[in-house]
Amino acid sequence: MGAGRTTRVNYSRNAPPEEPPHLTTSSHDALYRAICAHPDEDTPRLAFADLLDEDGEHRRAAFVRTQVELARLPAYDPVCVTARQRDPDALTGWCMAHTLPKGLPAGCEWRQFEFRRGFPWKVGVRSLAALLETGDALFRVAPIRALGVDSRDRPDLAALADWPHLTRLHRLNFSTGWFGADDVAQFARSPHAAGITELGFEFESLAPEGLGALAESALFARLTALELSANAFPAALLVDALGGARRAGALSRLGLPNNRIGAADAEALFGLPAVRELQHLDLSDNPLAADGLTALAASGIVRGLRTLNLSRTRPGVLGVKALTEAGGLAGLRQLDLSNNALGPNAVKALAGAPALRGLRALNLSNNHVRDSGAADLAGARALAGLLELDLCETDIGDAGALALAESPYLGGLLRLDLSTRSGRPFGAAAQAALRERFGDRVNW
């Protein structure tokens with residue numbers, strides 16, 4: 001499972017968090033220390049879950065086991081889809097916020113956190129300078145592998161590069177710093193950064209020269225995931241900087257949300273060596289439009305993709321047709337076309353595309369699907385493998401709901417979302433048909 005979204009909790013708006021259960025036995029203590037000392041191993045985590053069960057903490061024990069299992073699976077696996085439908089907290093970790101350990105070292109806070117494999121994996125850093133003075137104290141508190149440096153901090157990347165305990169981390173996220181070429185080059189050369197495989201930069205964290213230095217570095221060749229979100233420089237400079245990478249290296253996951261990438265930048269971007277081996281691509285919140293989608297389809301990189309996020313890219317009917325008519329889409333498993341003002345004609349083009357026969361998860365939420373589009377989806381033989389279909393806020397009425405319920409191809413759905421903000425229910429006949437066909441696998 002991917003890194004997923006950062007979980008943020010504002011305790012001032014919620015009931016005070018419960019105190020986490022205290023470790024009452026030497027077995028608990030020893031196992032927790034083993035989890036912190038060997039954060040990449042699952043055996044001590046599962047043994048800890050057994051002890052939790054013995055103590056009657058069945059919900060937390062199940063959470064640990066579920067997250068360990070989910071971490072081994074892609075987001076479109078049936079187990080993950082079922083979890084999103086029946087137990088979404090197993091993915092986000094919100095339900096376990098009360099178990100976050102106390103006693104974080106100076107400079108850190110749980111304002112940003114992520115759970116992975118049952119325990120907190122990411123911590124927010126309010127002051128990087130304060131954290132660097134505390135040695136390995138953070139890693140005795142929790143099995144931390146990622147830092148999210150707070151936007152209130154102006155981090156010293158050179159000091160982080162010299163920190164011996166950087167070797168314990170796999171992911172770093174920055175919101176500020178405006179790191180230039182010298183900063184990034186020095187960090188990339190750090191012997192302590194050898195374990196960094198995921199990087200995220202947003203807002204004013206990275207200058208275009210810094211991104212260029214990263215792309216040319218040996219560190220870039222080791223990265224498996226890179227997210228460049230809402231960066232404060234033109235899209236053309238982003239594309240130019242990424243062009244410094246002469247090969248894809250290990251990069252399989254690239255996120256480029258909200259970078260103002262338009263059709264003029266698309267052809268150059270999709271022709272870069274750095275994107276040739278991608279399996280997961282997030283292009284959301286960029287004005288690609290039909291021409292940008294046409295460039296993506298023509299580039300050939302779609303042949304290797306497993307997940308593709310095109311939310312808020314406004315592809316229109318022509319862009320959807322260009323994508324669905326591209327060769328090599330049989331490997332695509334998850335497609336997000338939400339929030340694109342797509343109408344029934346675009347949905348019809350999507351539903352009639354045999355190239356999407358491998359799709360397992362399709363998100364069309366916040367589009368104008370309407371009853372005719374729902375009928376086309378219901379009659380799409382190519383979508384017979386779907387496990388998840390998100391049709392939230394898509395103007396579907398009783399006729400569309402009945403068509404979905406009677407579809408000869410959508411019986412394998414594990415999650416069907418037909419919900420609306422207004423909460424307007426379907427009629428009794430449509431509700432009965434949906435429940436009879438999908439049971440608790442449908443929401444409205």
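This is a predicted model: local features need pLDDT of at least 70, side-chain atom pairs count only at pLDDT 80 or more; totals for chains, interfaces and linings use all residues.
**Entry 1**

I looked up the partners first. Next I checked how covered the helix is. Seven of the eight residues of H10 are buried, so I noted the helix as mostly covered under the cut-off of under 20% relative accessible area. I listed the buried ones: Pro208, Gly210, Leu211, Gly212, Ala213, Leu214 and Ala215.

**Entry 2: H10 against H12**

I then took one partner, H12, on its own. I recorded an angle and a distance, because two packed helices are described by the angle between their axes and the distance between the axes. Helix H10 spans residues 208–215 and helix H12 spans residues 235–242. Their axes lie 8 Å apart, at an angle of about 25°. H10 is therefore roughly parallel to H12. I logged the crossing of the two as right-handed. From H10, the residues in contact are Pro208, Leu211, Gly212 and Ala215. From H12, they are Leu237, Leu238, Ala241 and Leu242. I sorted this contact by class: seven nonpolar residues, one polar and no charged.

**Entry 3: H18 against H19**

What are the angle and the axis distance for H18 and H19? I found that the axes of H18 (residues 398–405) and H19 (residues 428–438) come within 9 Å and cross at roughly 20°. That angle is under 35 degrees, so I put H18 and H19 down as roughly parallel to each other. H18 passes H19 in a left-handed crossing. On the H18 side I listed Asp398, Ala401, Leu402, Leu404 and Ala405. On the H19 side I listed Ala429, Ala430, Ala433, Leu434, Arg437 and Phe438. By class, the contact of H18 with H19 holds nine nonpolar residues, no polar ones and two charged.

**Entry 4: the whole protein**

I noted 19 helices and 15 strands. The radius of gyration is 23 Å, close to the 22 Å that the globule rule gives for 444 residues, so the protein is as compact as a globular protein of that length. Along the principal axes, the C-alpha atoms fill a box of roughly 65 × 55 × 35 Å. Of the 444 residues, 54% count as buried. Last, I looked at sequence separation. Among contacts with a separation of 6 or more, 78% join residues 24 or more positions apart.

Key:
Residues are numbered from 1 along each chain as its sequence is written. Side-chain values use heavy atoms; hydrogens and water are left out. Axes are lines fitted to C-alpha atoms, for helices over the stretch in contact, and angles run from 0 to 180 degrees between N-to-C directions. Helices (H or I, at least four residues) and strands (E, at least two) are DSSP runs, numbered from the N terminus. Angles under 35 degrees count as roughly parallel, over 145 as roughly antiparallel, 65 to 115 as roughly perpendicular and the rest as oblique. A crossing is left-handed if the near helix is turned anticlockwise from the far one by less than a right angle, and right-handed if clockwise. Contact means heavy atoms within 4.5 Å. Ala, Val, Leu, Ile, Met, Phe, Trp, Tyr, Cys and Pro count as nonpolar, Asp, Glu, Lys and Arg as charged, and the others, Gly among them, as polar. The radius of gyration is taken over C-alpha atoms; the globule rule is 2.2 Å times the number of residues to the power 0.38. Buried means under 20% relative accessible area, exposed over 50%, partly exposed in between (1.4 Å probe, protein chains only).
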